[in-house]
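Subject: Structure handover and notes

Hello,

Here is the structure, with my notes below it. Please keep both together when you file them.

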Amino acid sequence: MTNRTLLASLLAAAAITAAASQPAAAQPLHEPCRLSTYVVSETPGDTPEGIEITRSGTIYVTSVGTGAVYRGTVWNSRLKPFLPAGSDGRTQATGVHVDRWGRVLVAGASTGRLFMYDAHGRLLASRTAAAGSFLNDFALTEDAVYVTDSALNQIWRAPLTRDGLGELEPWVTRDKISPKPYFLNGIVATPDGSTLLVGEQGQDVTYRVDVSSRAVTVVEVDGVLSGDGYLLEGHRLYVVNNAGGGKYVTRLALLDSTWSKATILADSAPGAAGATPTTIARDRGRLIWVNSQLDQAPGTPPYTLTVVPGLR
């Protein structure tokens, strides 16, 4: 091999390595897709709950019924198993997100565990909270993951770096939150990571949590702003809200510059009867939600995802 050939080979190898190490957010935005419905699973009892859609068009959906995690793309109407039901002790699964290093994190619900996998489904880490926890959803910042606990009604935190996932520790406990929460659920972090917005479905409020001081206040809003799945884009907050009578909508609110006041702008059309949408994710110009059928759990297959009606 000549020196020139050797140099070319080394440069090519370096380029491949660099490309592989790029965070998921750096991937190019995919082409638009026009599918309006996706089949997650036809396995009875799966009961899907959480969703993540990456910029490159990969979809992840969790099963709170069995702990399975499904994966697909926005161009294919059917998802496939990614993590088998019950594997690694993951008998339930709720929140799912991909971090900036391309690792897949999954909240284990009543298992009280937070799991981290690589893109091939290999377990990288498993972190355990306290007995009796129900780890529901979580938000990622540059250096940490913050997890809502719907049983103990507190927020857990674990360090998150390129090297991996740290241990879970109680970060804001129930006694530090007013009004007292009865079911913490959806959570998002502001773009700069300075503030968390956390949904509470018992009190029908959204809490504002200052990350540096851990101070908790209630977001002021003229109406109900609480729910299950949360999605924050700039100062626009999308919330899967229980509108009563089994009808679920995605509510859009605009937050002020301090994240302390919100104005409700619009609601989507209600989900289909019995669908019980839980969580949402963005795919370019579309919002997609999970039809969990939790109101009629375990529901009836097929379990699906659909485009949120009447809201972009």
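Pro302 sits in the loop that runs between strand 25 (286–291) and strand 26 (303–307); strands (E, at least two residues) and helices (H or I, at least four) are DSSP runs numbered from the N terminus. The peptide bond from Pro301 to Pro302 is cis, and its omega is near 5 degrees. Gln293 is in the loop between strand 25 and strand 26 too. It is not a glycine, yet Gln293 has a positive phi of about 60 degrees. With a relative accessible area of 12%, Gln293 is buried (buried is under 20% relative accessible area, exposed over 50%, partly exposed in between, with a 1.4 Å probe and protein chains only).

Please note that this is a predicted model, in which local features need pLDDT of at least 70, side-chain atom pairs count only at pLDDT 80 or more, and totals for chains, interfaces and linings use all residues. Residues are numbered from 1 along each chain as its sequence is written, and side-chain values use heavy atoms, with hydrogens and water left out.

On confidence: pLDDT is the predictor's confidence in each residue, from 0 to 100. The protein has a mean pLDDT of 91, and 90% of its residues reach 70 or more. Over residues 1–25 the pLDDT is below 50, and this stretch has 11 contacts in the model beyond near neighbours in sequence (a contact means heavy atoms within 4.5 Å). Where pLDDT is low, the predicted coordinates should not be read in detail.

Two further backbone points. Ser178 and Pro179 are joined by a cis peptide bond with omega about -5 degrees, and Pro179 lies in the loop between strand 14 (169–172) and strand 15. Thr276 has a positive phi, near 50 degrees; its place is in the loop between strand 23 (261–267) and strand 24, and it is buried at a relative accessible area of 3%. For background, most residues other than glycine have a negative phi, and most peptide bonds are trans.

Next, the rings. Three aromatic pairs turn up in a search of the whole structure. A pair needs ring centres of Phe, Tyr or Trp (its six-membered ring) within 6.5 Å; planes under 30 degrees apart are stacked, over 60 edge-to-face and the rest tilted. Tyr60 and Phe82 make an edge-to-face pair, 5.5 Å centre to centre with 70 degrees between the planes. Because Tyr60 belongs to strand 3 (residues 58–63) and Phe82 to strand 5 (residues 80–83), this pair ties together parts 22 residues apart in sequence. Tyr60 is buried at 6% relative accessibility, and Phe82 is buried at 11%. The rings of Phe115 and Tyr117 are stacked, because their centres are 6.3 Å apart and their planes at 20 degrees. Phe115 and Tyr117 are both buried.

The charged end of Arg174 sits over the ring of Tyr182, 5.0 Å from its centre; the test is CZ of Arg or NZ of Lys within 6 Å of the ring centre and within 35 degrees of the ring normal.

Finally, Pro32, which lies in the loop between helix 1 (3–20) and strand 1 (37–41). Pro32 is exposed, at 53% relative accessibility. Leaving aside neighbours within four places in sequence, Pro32 is in contact with Trp75 and Arg284. Its C-alpha atom is 27 Å from that of Ser63, 31 residues apart along the chain.

Regards
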